[in-house]
Amino acid sequence: MSGHVLQVQLTAAYGKRAVLRDLAFDLSAGEALGVVGSSGAGKTTLVMALLGLLAFHGGRSTGKVLIQGKNLLRMTEREARRIRGRLIGLIPQSPMTALNPAITLEAHFQAAWRAHESTGNQALRLRLRQSLEEVQLPADDDAFLLRKPGQISVGQAQRVLIALALLHHPSILIADEPTSALDPVTQSEIVKLLQRLTRRHGVAMLYISHDLISVLELCDRLAVLHDGAIAECIPVRHLEQATHPATRTLFGSLPVPISVLLAHFAARMRPQSSSDNFPPRPHATLTRNGAAQTDHSWPEDEGIALSANGAGRYNLRDK
Amino acid sequence: MKRLLPVVLLLLLMLASMVVLRLSPWRYATQDRVSILASSTLTHPAGTDELGRDRLVRAAAALLIGIGGASAAATITILLAAAAGLLAAFSPSWVAAVLLFLSDGFLSLPWLFLLMIVRSMLPLTASPLTTAVITFLVLALLGWPAFARTIFHGARGIRSSEWMIHGRASGLTARQLILVHVFPNLGSLLLPQFFVCIPAFLMAEANLGALGLGVGEPIPSWGAMLLELDNTALLISTRWVFLPIALLVLVLLLLEFLTSEANAHV
Ligand SMILES: Nc1ncnc2c1ncn2[C@@H]1O[C@H](COP(=O)(O)OP(=O)(O)OP(=O)(O)O)[C@@H](O)[C@H]1O
Ligand SMILES: [Mg+2]
């Protein structure tokens, strides 16, 4: 189907131990799919396999990951490389270990930029300013970029990784528990940022989390990863109808009944989604799917800095 | 500051040795036949050996030759070990297996025996300088496998690190991965090994020299000078015979501090 930016069918194992068994799902342009599952269910394994990088994580994967109609797992390393970081952005699970301790933040950005762009430092500077503002890191402070990962807070590292993931305006964003390392305030800021990205810019997102509430807030559909496969995959607003025991157990862990939560989020977060069809949403720009587009920039006028929503900027360096 | 202290002291020792060599009227091989086995005198502050050669000058030269030779040999060894270790770490696992097998095999060779063979193959007319170069070169060529495995494991750690995986997930080219992610981490991987290697080679040279297999006469080396300690008559006549071994212990201690400091900062 052409509406899908990503179609996945995967089997993955570490040595003899199978972790994913013929797991399948797809992702439409601009859609946010939440993946929940208990610790060790294989969420990170899924992410690595999706990117064709499971081998570097010590595992093996077979199956297909269709992006623009091509199987990422069958591509040459050269072709796959050009997709990673450009069409698919990854926000990794552990912010502190995902950055190289020996080099500066600036070196990280430079490398990520040059991997897909031949334009020089000027263009990078411009983009870097933008993305640092997007994630609310000090954009004017050159000294900040000259720090090494050991010299910033975990929350700042998480933001750096988000900025890195967004650098090339990917059409698919994979977020592996992007808020797990953060305090509640920062968590909700990040969730809002991701929300803006998907709602406004039509970025399709695979949002992996332990935190069901943030999934309800962010996602259109919820997939429950259980026993190596997707046990159930249903639109968030129909969650009450979920039947699978694993899903019901998950709901049981919530502080309030799922129906109450859903009503809350329906009232607060989605006043616009009166039309019952997703993915087409009023703000979603669906132009960035599929076709080999060279211009991957997001519309300029839509500032996605968090401060725009009146939440107020808080000083990151106070943390 | 504390980190720099051993380095500064080592450099001072070397500087002092150079000053001694420069200012003293004696050369390391000059024999002062009127004062053989002398104790401390005005002309020979640290006395002379049984050939009447100035002990202070010889000890100073031995220190410079020892540290210089061991450092050069350590550089070669660590480069060889790094080449093998990195190649193994970043190659398919069968290449790693072959390389590590070779390196372990190398390690289990009876290398003292080999060294004797190599030294005995040298013609007796080989110049002392040649023997010095060959001694350290042999140490360098035999020493690398001991470090290859450590470097291999360190490099494996780099290769499977999360930031390396994140680099791949960001689409970095192989070249970028090496230049941006691997190289900046090599310093902290190789430097401690280098500092472990130098004292090991100093000891090895001293031991070989004491066996008569090291640097040849008349070039002064710690090994050759330690041979003096064999001479009981001499031991009784002057305390200055202990100068070379005291210097060796001091240098080894300083290098030990340097190593532990370097390790503490990795
Ligand atoms: N490199 C590895 N080698 C062997 N087994 C692994 C490896 N990485 C993960 N596993 C195992 O695979 C399973 C899935 O791990 P994975 O990291 O994908 O879980 P997860 O769902 O991301 O968990 P979490 O929520 O804690 O991050 C776990 O049982 C884990 O022990
Ligand atoms: Mg995980």
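I start with A:Thr179, which sits in chain A, in the loop that runs between β7 (172–176) and α7 (184–201). Keep in mind throughout that this is a predicted model. Is A:Thr179 buried or exposed? Its relative accessible area is 4%, and the threshold for buried is under 20%, so A:Thr179 counts as buried. Setting aside neighbours within four places in sequence, the residues in contact with A:Thr179 are A:Gln158, A:Gln187, A:Ile190, A:Val191 and A:Tyr207. As a distance check, take A:Leu72, which is 107 residues from A:Thr179 along the chain; their C-alpha atoms are 27 Å apart.

The next residue is A:Thr104, in the loop between β6 and α3 of chain A. With a relative accessible area of 19%, A:Thr104 is also classed as buried. A polar atom of the A:Thr104 side chain lies 3.1 Å from the backbone nitrogen of A:Ala107. Not counting residues up to four places away in sequence, A:Thr104 touches A:Leu145, A:Leu146, A:Arg147 and A:Lys148.

On to charges. As background, side chains of opposite charge can pair when their charged atoms come close. How many salt bridges does a search of the whole structure find? Over all chains, the search finds nine.

One of them is between the side chains of A:Asp26 and A:Arg221, at 3.7 Å from N to O. A:Asp26 is partly exposed, at 24% relative accessible area, whereas A:Arg221 is buried, at 13%.

A:Arg221 has another partner: A:Glu31 forms a salt bridge with A:Arg221, with the closest N and O atoms 2.4 Å apart. A:Glu31 is in the loop between β2 and β3 (32–36) of chain A, 190 residues from A:Arg221. Both A:Glu31 and A:Arg221 are buried.

There is also a salt bridge between the side chains of A:Arg129 and A:Asp140, at 2.6 Å from N to O. Here the separation is eleven residues: A:Arg129 is in helix α4 (residues 121–134) of chain A and A:Asp140 is in the loop between α4 and α5 (142–145). A:Arg129 is partly exposed at 39% relative accessible area, and A:Asp140 is exposed at 58%. As for shared partners, A:Asp26, A:Glu31 and A:Arg221 are joined into one network of salt bridges.

Now the other protein chain. Chain B has ten helices and zero strands. Its C-alpha trace spans about 75 × 45 × 25 Å along the principal axes. Chain B has 266 residues, of which 48% count as buried. Among the contacts in chain B with a separation of 6 or more, 71% come from residues 24 or more positions apart.

Last, the interface. The contact takes 28 residues from chain A and 17 residues from chain B. About 1800 Å² is buried between the two chains, with carbon and sulfur atoms giving 65% of that area. What does the rule find in the way of salt bridges across this interface? It finds zero. Polar contacts are there, however: nine residue pairs, both residues at pLDDT 80 or more.

On the chain B side, the elements that give two or more residues are α6 (162–169) and α7 (174–210). The most comes from α6(B), with six residues. By class, that side has six nonpolar, eight polar and three charged residues.

Definitions and conventions. Residues numbered from 1 in each chain as written. Chains lettered and ligands numbered in written order. Predicted model: local features only at pLDDT ≥ 70, side-chain atom pairs only at ≥ 80, totals over all residues. Heavy atoms only, no water. Helix = DSSP H or I, 4+ residues; strand = E, 2+ residues; numbered from the N terminus. Buried < 20%, exposed > 50% of the residue type's maximum accessible area, 1.4 Å probe, protein only. Contact = heavy atoms within 4.5 Å. Buried area = accessible area lost by both parts, 1.4 Å probe. Salt bridge = Lys/Arg side-chain N within 4 Å of Asp/Glu carboxyl O. Polar contact = N/O pair within 3.5 Å; in protein donor to acceptor, adjacent residues only side chain to side chain. Nonpolar A, V, L, I, M, F, W, Y, C, P; charged D, E, K, R; others polar.
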